[in-house]
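Trainee: Could we go through this structure together? I would like to start with the overall layout and then look at some details.

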Amino acid sequence: MSSVNKQNASPDRKVELIDIVIDGKTVQAEEGSSLFNAIKWTGVELPAMCYHYSFSPFGSCGLCLVEVEGKKNNVRACTAKVIEGMVVNTQTEKMVDAQKAAVAKHLKTHPLDCPVCDKDGQCELQDMAYDLEVYDIKEGKRKVIPEDTRAVALDFNMERCILCGQCINVCKEVQLVDALCFYKKDKAKHVGAHGGETLDCEFCGDCLAVCPVGAIVNKFSKYTFKPWQLEKTETTCGFCSDGCTLTLETKAREIKVVTSELSYTSKFGFDIEAGDGHGGICVRGRFGFQYVMSDKRLTLPQVKNNGEFLEIPWFKAMIEIAKRLNDIKAAYGGDAIAGLISGRCTNESVYLFQRFMRSVLDTNNIDTAARYGHMNSVLALQETLKIGGATISLQELALSDAILMVGSDFTETNPITALRVKASMAEYGGKLMVAHNTETKMLKLATLPLQIAVGSESHFIQGLVKAVLSKGLADSDFIEKQPAAYTALKSAVAQIAETVVSEKTGLEWEKIEEVAQTLALSKRGVLLWAEDIVSKTGAYQNVQRLIDLALLCGLFRKKGAGILPVCEENNEQGAVDMGAVPEFLPGQISFDLEDERQRFESAWHATLPSTSTKRPGLSLPEIIEAAHRGEIKALYLVGENPLGTLPASMKVREALEKIDLIICQDPFMSETAEVADYVLPVATFAENEGTYTNIVGDVNRVVEAFSPRDEVRPDWKIFSDLSKNLGHPIQYRAVEEIRAEINTLVPGYYRQDKTMQIGDLSEDFARHVADRYKTEESKNTDTTITLSLQQSLYHSGKLSTHDENLMEINSKNFLQISPADAEVLQAETGDLINIKSAFGQLEVKIEVAEALPKGLVYYPIHFNDPPVKDLMTVEVDAKSKTIYFRSIAVTLARSASLDLKVIASEKALQEEEKENKEETESSAKAEQT
Ligand code: SF4
Ligand code: SF4
Ligand code: SF4
Ligand code: FES
C-alpha cells in the first residue's frame, strides 16, 4: 500500500517512498507528503473539516488528531508531513477524546440554526458530532453577525463559519483567483472579499461547494429545500465544450441546485491521479439552471396563421410539416431543402437529424454551428493528418511541461479546462505561454506573457515557424520521415523577415525565439488555439501554420504532447463527428467516398443524395446565398437562430422571406422562430438523454433529470415522428437504440480509452506549403479601432441569456474600451458613445477595461441589444466556407446624449453653486440683522 501526494506529482519527478507504521501496520508513503493521505490509504477515515485533496492543508479545524511516537502533543495529521520511521496511532481513546473535544468546541460557538440552514442534513459539523457521538452540547457564546447579502449569487452567513479556510484556499490555489480572505469586522472574523468589499469574482461557486457548513449560501435557492428532499441526477453540462459532469438536484421537477464532485468528495474516498481535475464547475454550470424552468419556454407546437402563431397538437403539426416537405421535395427535389442544427443537441439527435435529412429528404444541405469557426480546425487537420480534433486528454493537458495558447481567452470560454492549464503551471511546474491582443487573465498568469498587436496572429505564428527552423530546433523524426515537407517549410519561411514579425506583433525577435525553443524542446508540449484564431479572417491558413508548428515541434509524435483546437458549444465537436456538415458522413468520413456511402446506404436502407448533382451539399453561408436566389424552399432549423446570430449585412431576413417553409425547433422563441411557419418546443439538456462530445473528444452521458415538461419533446423523437409521416420511418424506442446504431457505423466512438490515430502527412503537403507563407500585410493601422465580438465567462451563446440567474450575475451589454481610448473620448464607464462602422452606427454604453489595449474594443457576442453585430461585415473563407463576422474597423465618438449629459451636469453644477451662493448671502444678511 502506498500513498503519493497529487501536489507536485509531475511525471518528471521521482517519487521516493518510505516505510512508516500506522496503527501497527507498515505502509509506504511519499516522504514529505501529508500524513492524512497516508492514513487514509490504510482505510482509516479520520474526522476532518478543513482538509481537502485539492489544495494545501490548512490545519485549522483541529479534528484530525493522531499520536505520533516521540511527540508530546497530539499531531494534526493533515499538516504533518510523512517522515522516515514515523510510528502513528489514530484510534487510541485519548485521540478519540481529543477529536470529540474539538467538535464540542466548534459547537459551542455555532448558532445551531439547523432548521433554517440549507446545509442541514449534509453538514460536516453535524456529521462529525454524530460520528464522534458528541451528544452533550455545552452552553457557549453564539456569534451574532448579520448575513452578508451584498454579492450576487452568494450570501455569507458568518455566524455559521467555522473558519476552516477551505473557501479561501480553493479560490487561491485551484482557481488562482484569490478573491477571498479572512477579515475582521466588529471584533469578529469574517470571510469575504479583500478589504471587506462586496464580492465581485468569477462566481464559480467552488467556495460554496467546499464549505463544510452552511456559511456560504446559494442565493438563488436558499430556504427552498432540505438536502434529503432532492433527487440527484449526474449528467453533463449543456453550455460549453468543457463538458463538465454535474449533478442536478431536483425537487418536484424543479432544479434547486447544481453541484458536482467537488461538493461531495473531499477528504474521504476520492483517490485522484496526477492531472485529474478538481471536480468543480463554473458559474454557468452552477447557477445557469433557471432557464429550464422558465415560464418563457415554448410548451406547445405552434403554426403561423395569417401572421399569428396558433397552438397546434403534435400529431397535426407532424402531418402538416411532413406533407409540405413532401410536396417541396416532389416539386423541386431534395436540393431545395436545407437544415441547420445547433452544436448543443446530443450526438444521437444530430446523428438522426443528418440521417433524416439525407436519407428521407434527399438533401446534403446541412450544417452546424462549427461553421462559425471550428470547421477551420477540423478541415485543416483532416487535410493534413486525417484527424479532426484534439490529440490530447485533459490529464495530459494538466501534466504538460509547456503550453502555448494562441488566440484564446480560455478562462472566459472554457473555465474548467482552463483550470487544467493553471494546474500544469501552478501544481506541476509547466511553462505557460499566452499570446493574445489583450491582457487576459491567463496572460497575466503566464510564465511568458505575449501581448501581441491586434491582427498580428498570422505574423506571430509564421515567426514561430521560422524561429523553430532557423534555430535548428525542428523535430529530428519529422526531418527524417518527411524530408520534402521539411525542405518545403524551410524554403517557404526563408523570405519572412524577423524585423517585420517584430514590428507587426510588437514582440522582440528574441521573445519569439524563446517561445519557439520552449515548445520545440518540451517533452509534453501542447499547442492550443481558439476563437480569436478560428473565427477571424485568415483562420484556415493560420490553423495550417499552427499544424506546421506542431509538426516541427514533434507534438504529434511525443507521448503526452499534442494539440487542442478549442470549440465553443457543448457538442460542437460531436455535431461535426456525427456528420451534420455537407463534407462528412458520421465519423468524419468524406461524403463522396463511394465505399463508405454504400455502407451507410445499406445501413439506412436508403439512397444518399448524389455527389454528381451540381452541388455536393451547401454549407451555412451557401444555404443563405441559395435562399437569396430563391433556390431554397424549405429550411429546417434545430436550435439555430441565424437572424439573431448573423449581421444584418448578410441580409438573412430577406433570404428567409424567400423560403416557403421554415420549421424552427427550439426551447425558446427566437428572432428566427418569429418568422418561421412552425415552431416546435424541445427539451433542454435536463430533460434529455444522450451524449455530448467535449473539447478533447470524450463522449459524456446526458441523463434526464425529469421528463420533458408540458408538450415538449426531445429533438430525436421529432425527427423520428416526422420520418414516419413522410413515409420513411426511422424509429427507435429509446436513445440507446440510436447509440447502438452509431456504434456500429462509427466503431469505437463511445469508447473512452480511444487513442487518436494520426494519419500520414498528405502527399500534397509539401506542394502547398509555400502558399501559406506569402508575405502579407496586417489590415489594421494605428488610426483604426477594431471592434471584436467576444465571449463572456457568464454566458454561453444566446442560451444563457434566457437564464434569469446568469442575467442577474451579469447582463452587462457594455462596450469594453481601453482607458486610453476612454480618455480620448473623455468618457467613463456607463457613458453612452457612438460607434460607427461601414455598415451602420449606434449608441452603446461603455465600460473602461484595463485589460484592453488602445485601439481594441469588445462587445459581448451574447447580446443583441443594442444590435452591435449589425455593425459587422461578413466574409466567407474560400476554403472552409467558415463565416467571419467577429471583427471590424470602427470609429468611436462622443454621443450627442453624452454631450447633453455633460451640459446638464454642468448646468446642475452652476445651479447648485448659485443656490449655495444665495444661501450664504442670505445667512450673512440674517447674521447682520
Ligand atoms: S465563487 Fe469562485 S471565484 Fe468567487 S470567491 Fe468563490 S471560489 Fe473564488
Ligand atoms: S465560509 Fe465555510 S469554507 Fe469558508 S472558512 Fe467559513 S466554514 Fe470554512
Ligand atoms: S459551462 Fe463549461 S466549464 Fe462551465 S460547468 Fe458547463 S461545461 Fe463546465
Ligand atoms: S486540522 Fe486537519 S482536517 Fe482540520
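This is a predicted model: local features need pLDDT of at least 70, side-chain atom pairs count only at pLDDT 80 or more; totals for chains, interfaces and linings use all residues.

Trainee: Let us turn to helix α9. How many residues does α9 have, and what span does it reach?

Mentor: Helix α9 runs over residues 314–332 and has 19 residues. From its first C-alpha to its last it reaches 27 Å, close to the 27 Å expected at 1.5 Å a residue.

Trainee: Which residues of α9 are buried?

Mentor: They are W314, A317, M318, I321, A322, L325 and I328. Viewed down the axis of α9, these buried residues lie within an arc of 130°, so they line one face of the helix.

Trainee: And what is on the other side of α9?

Mentor: There, F315, K323, A330 and A331 are exposed.

Trainee: What do the buried residues of α9 pack against?

Mentor: Their partners are the strands β16 (337–341), β25 (634–638), β26 (661–666) and β27 (678–681), together with helix α29 (715–725).

Trainee: Which residue follows α9?

Mentor: G333 follows α9, and the phi of G333 is positive, near 90°.

Trainee: Now for α3. Which of its residues are buried?

Mentor: In helix α3 (residues 124–131), E124, L125, M128 and A129 are buried. Seen along the axis of α3, they fall within an arc of 140°, so they too line one face of their helix. On the other side of α3, Y130 and D131 are exposed.

Trainee: What does the buried face of α3 pack against, and which residue comes after the helix?

Mentor: The buried residues of α3 pack against α2 (93–109). After α3 comes E133, with a positive phi near 60°.

Trainee: One last topic: which residues surround ligand 3?

Mentor: Ligand 3 is surrounded by C237, F239, C240, D242, G243, C244, I281, C282, R284, G285, P415 and I416. The elements giving two or more residues to this shell are α7 (283–287) and α14 (415–426).

Trainee: How many residues of each class are in that shell?

Mentor: The shell around ligand 3 has eight nonpolar, two polar and two charged residues.

How values were computed
Residues are numbered from 1 along each chain as its sequence is written. Chains are lettered from A and ligands numbered from 1 in the order in which they are written. Side-chain values use heavy atoms; hydrogens and water are left out. Helices (H or I, at least four residues) and strands (E, at least two) are DSSP runs, numbered from the N terminus. The expected span of a helix is 1.5 Å times one less than its number of residues. Buried means under 20% relative accessible area, exposed over 50%, partly exposed in between (1.4 Å probe, protein chains only). The arc is that of the directions from the helix axis to the C-beta atoms. Contact means heavy atoms within 4.5 Å. A residue is near a molecule or strand if one of its heavy atoms lies within 4 Å of it. Ala, Val, Leu, Ile, Met, Phe, Trp, Tyr, Cys and Pro count as nonpolar, Asp, Glu, Lys and Arg as charged, and the others, Gly among them, as polar.
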